[in-house]
Amino acid sequence: MKLNSLQSASSRSLFSIVNNILEEGIERKNGDIPQPVSSLLKLIVEEIEQRVLKQAENLKKQSLLYKTREKRYQSRINALETLSTGTTEEHEVVMQQLQQIKIEKSRIDEERKLENQELNLLLKEKVDYEMHISSLKRELEFTIKTHEENFLQLKTLSTETKVELEKKIIELACNLVDSQKRVEELENLSESKYMRWKKKELGYKHFIDSHVGSIQDLRKDSECLKQEVLKIKRFYIEEFNNFELEVKGLVDAAQNYHVVLTENRKLYNEVQDLKGNIRVYCRVRPFHQGQRKKQTTIEYIGENGELVVANPLKQGKDTRRVFKFSKVFSPTATQEDVFGDTRPLIRSVLDGYNVCIFAYGQTGSGKTFTMTGPNLSSIEEWGVNYRALNDLFNISQNRKSSIKYDIGVQMVEIYNEQVRDVLISESSQKKYPFCRA
Ligand SMILES: Nc1ncnc2c1ncn2[C@@H]1O[C@H](COP(=O)(O)OP(=O)(O)OP(=O)(O)O)[C@@H](O)[C@H]1O
C-alpha cells in the first residue's frame, strides 16, 4: 500500500487493516510478522497518531475561537446594555437585538456545549486511541523483537546451513572428481575388456569355423568308420566262431597238457632219483684276508667231483689223498653256482617229495656263509636257504591258478649230536623229539 492511499483512507478502514493484520498474526500462532507487514503497521500507526494530534489541535483552536467570540459577544452585550439605558425604542431594538444575541448566544452555548461534548468524546477517544496505539506499539515491538530473534536464529541457522552446505558441496565436488576418475578408469577397463573379448570372439569364431570343418570331416570319417566297424563286426563274428572252435581244441589240449605235465614231473623226479637221493657237495672256502695263500692243500678239483688234497707232512702214497663228491665248488664259486645245483632237488618238494639240505663242517669253514649268506640286503649274496624259499614262493605264485600250496618253515640246529628247535623259546621243548601242542 502506498503512503498517499494511507493518507486518503478513513480511520475506520485503517483500524480494520490493523485488526486484520493482528488476527492473521494470531492465526499464524508463531507470532512471526513479515517485514513488509510490520513496516505497514508502523506507517498506519504513525498516520493514526498524526490524525489524532491534528484533531486535538483543531479542537484546541476551535475552543480558543469560541472563547474569543464569547468575550466579543459579552462586550457587545455590555455595550448594548449601556445603550439600553438610552431611548426605549432603541432600547426595544436593542432588546430585540439582545434577544437575538441571547438566542444566538444560547445557540452558540449549545453548539459549544455540543462541541465540548464532542471534544470530550474526542479526548476520550484520543486516550483510547493512545492506549490502543501503545498496546499496538508494545505488540509491534514484541513482534519486531520476536521477529528479530527469529531473524537472528534464522541467520545463524542459515550461516550454519551455509557452512554445512559448503562443506557438502566440497565433499560432493571431491566425490564428483573421484566418480569422474572412476568412470574414466571403468571406461578404460571396459574398453580394454571389450577389445579383449572382441579378440577372443574372433579367435573363437576362427576356432568354431575350423571346428565346423573338422566336424564335417569327422562326420564323414565316422560314417566310414561305421562302415568299417560293421565290416570288422562281421569279420569278428566269423573270427569268434573260428575262435570258439579253436578254444574247444585248446580245452582238449589243456586236458592233455595236465596229463603231459604230470608225466614230465614224474620223469623229472626220476631224473633226480637217478642223480642220487643223497648228494654230497664240497665247497672250498677261499682264504681270509691276510691269510697266506701258499699253505693251500688243495691240489686238484675235478669236473666230476674229484678233489685231491696234499699233505706234505706225510711220505709216500699218503702224501696225497683223493676224495669223490657229487660236485666240488672251487673258492671262486658264487652263491648262485652253489644254489644252481640244489635248485632241482628243492623244486621236487612242490611235487610232494621230502628234501633235506644241511651244511657240515668245522668252525669257520663257511656253513653259515653258504646256507644263509653274509649280507642279506644284497640278493647276489643270499645263501641257499633264502634262494630256495624265494624260488618256492615264485613257483607257487605262478601255479596259484591250478595248485594251492601251504608252506611252513621250521629251523633246527644240530650241535653235539643234539637236534634243537631254534624258533621255540621254551627250553623244555627245544630238544628233539619236538612236542607241539
Ligand atoms: N665261500 C666263501 N667265500 C668267502 N668267504 C667265506 C666263504 N665261506 C666262508 N667265508 C668266510 O669265512 C668266515 C667263516 O664262515 P662261517 O661263519 O660261514 O663259518 P661257519 O662254518 O658257519 O662257522 P661256525 O661253525 O663257527 O658257525 C666268515 O667270515 C665268512 O665270511
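User: Is Lys367 buried, exposed or partly exposed, and why?

Analyst: Count C-beta neighbours. A residue is buried at 20 or more within 10 Å, exposed at 12 or fewer, and partly exposed in between. In this predicted model, Lys367 has 17 other C-beta atoms within 10 Å, so Lys367 is partly exposed.

User: Where does Lys367 lie, and which residues is it in contact with, leaving aside neighbours within four places in sequence?

Analyst: Lys367 lies in helix H6. With those sequence neighbours set aside, Lys367 is in contact with Ala359 and Gly361.

User: What about Gly366? Where is it found?

Analyst: Gly366 sits in the loop between H5 and H6. Gly366 counts as partly exposed because it has 17 C-beta neighbours inside 10 Å. Beyond four places in sequence, its contacts are Arg283, Arg285 and Gly361.

User: Which feature does UniProt place at these residues?

Analyst: An unreviewed UniProt entry places a "binding site" at Gly361, Gln362, Thr363, Gly364, Ser365, Gly366, Lys367 and Thr368.

User: Now helix H5. Which of its residues are buried?

Analyst: Start with the general idea. An α-helix has 3.6 residues a turn, so residues three or four places apart point the same way. In H5, the buried residues are Gln335, Val338 and Phe339. Their cover includes strands E1 (281-283) and E5 (327-329), plus helices H6 (367-371) and H7 (384-398).

User: Where does H5 bend?

Analyst: H5 bends by about 40 degrees at Asp341. A proline, Pro344, follows within four residues.

User: How does the span of H5 compare with the expected value?

Analyst: H5 covers residues 335-347, 13 residues in total. From first C-alpha to last, H5 reaches 18 Å, close to the 18 Å expected at 1.5 Å a residue.

Conventions: Residues numbered from 1 in each chain as written. Predicted model: local features only at pLDDT ≥ 70, side-chain atom pairs only at ≥ 80, totals over all residues. Helix = DSSP H or I, 4+ residues; strand = E, 2+ residues; numbered from the N terminus. Expected span 1.5 Å × (residues − 1). Bend = angle between axes of the 7 residues up to and from the residue. Contact = placed C-beta atoms within 7 Å. UniProt positions renumbered as here; feature names shortened; annotations may be inferred.
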